[in-house]
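Please look through the structure below before reading on.

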Amino acid sequence: MQPLSNLPVEGVRALLFDLDGTLVDEQLGASAYASLHAARDAGLRTIAVTGRPAGWCDLMARWWPLDGVVGENGALVMRLVDGKLQCSDWQIAEDPVNRLMGLWDTVYAAFPDAQLAADQPWRSHDLAIDFAEEASLGLEWASSVAEFVRAQGARAAISSIHVNCWFGDWDKLAMSERLLTELELLPEACVYVGDSPNDAPMFHAFERSVGVASVTSYGDLLEHPPHYVTKSDGGAGFAEVVAHITR
Ligand SMILES: [Mg+2]
């Protein structure tokens, strides 16, 4: 990982970024949010790519300075088109609710201290198991749960707070690529900023991928590290990236 100062900024047209642990710390800080506005004011397209639920993406797509929000780790994308909210799902082959609830029963039987994330009611396509938002169960515990979930035939990704589980072939990268095509943006013209293992496909795919400082704490759990790293954590790290690109 190289320092952010080495990131080439020529030809950058879009900023894609994770939310929890990246743009957002315990709360969305004023300077991080101001940086998001600054990025857009500088002419960059801004795209949030998060594991957070559909219900939250609706609000962000409508109210935040964004060109799109990829939600639930790639299950869906929302954006305003001519003032109207457009939502596309990756696929709707079947209603996933029964299958996900069956998976939850199996997980709960094996990990009795597991709890669903508080934002589960606003999710359409996945199951979020809390390990570090309201729970304090640790990364090792999260990693065991993710492994168990994969053994049940589902996919699992670890964020800074949740283990997200789903049945389907999407991830953050697959849906982001679909959105970039729609917006006529090439991956080479994008910078991606993230912080944790569920960002690994993005870190790998984007030549200009940046991790905020805390990304170094995941060790082997991070399948692909970012190419560049900031000095600060979370929102301050995000602000560093915007300042560097728009300098
Ligand atoms: Mg994150």
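A residue counts as buried if 20 or more other C-beta atoms lie within 10 Å of its own, as exposed if 12 or fewer do, and as partly exposed in between, with C-beta atoms placed from the backbone. This is a predicted model, in which local features need pLDDT of at least 70, side-chain atom pairs count only at pLDDT 80 or more, and totals for chains, interfaces and linings use all residues. Residues are numbered from 1 along each chain as its sequence is written.

Helices (H or I, at least four residues) and strands (E, at least two) are DSSP runs, numbered from the N terminus. Begin with strand S3, residues 45-49, where four of the five residues are buried. Strands pair if DSSP finds at least two bridges between them. S3 runs parallel to S2 (residues 14-17), joined by four bridges, and Ala14 stands opposite Arg45 in S3. S3 also runs parallel to S4, with three bridges; here Ile47 stands opposite Gly68 in S4.

S2, helix H1 (residues 30-41) and S3 form a right-handed β-α-β unit, and S3, helix H2 (residues 54-63) and S4 form a right-handed β-α-β unit. Right-handed means that, with the strands pointing away from the viewer, the path from the first strand over the helix to the second runs clockwise.

Next comes the loop between S4 (68-71) and S5 (76-81), which holds Glu72 and Asn73. Most residues other than glycine have a negative phi. Glu72, however, has a positive phi near 45°, and Asn73 has a positive phi of about 55°. Are these residues buried or exposed? Glu72 is buried because 28 other C-beta atoms lie within 10 Å, and Asn73 is buried, with 31.
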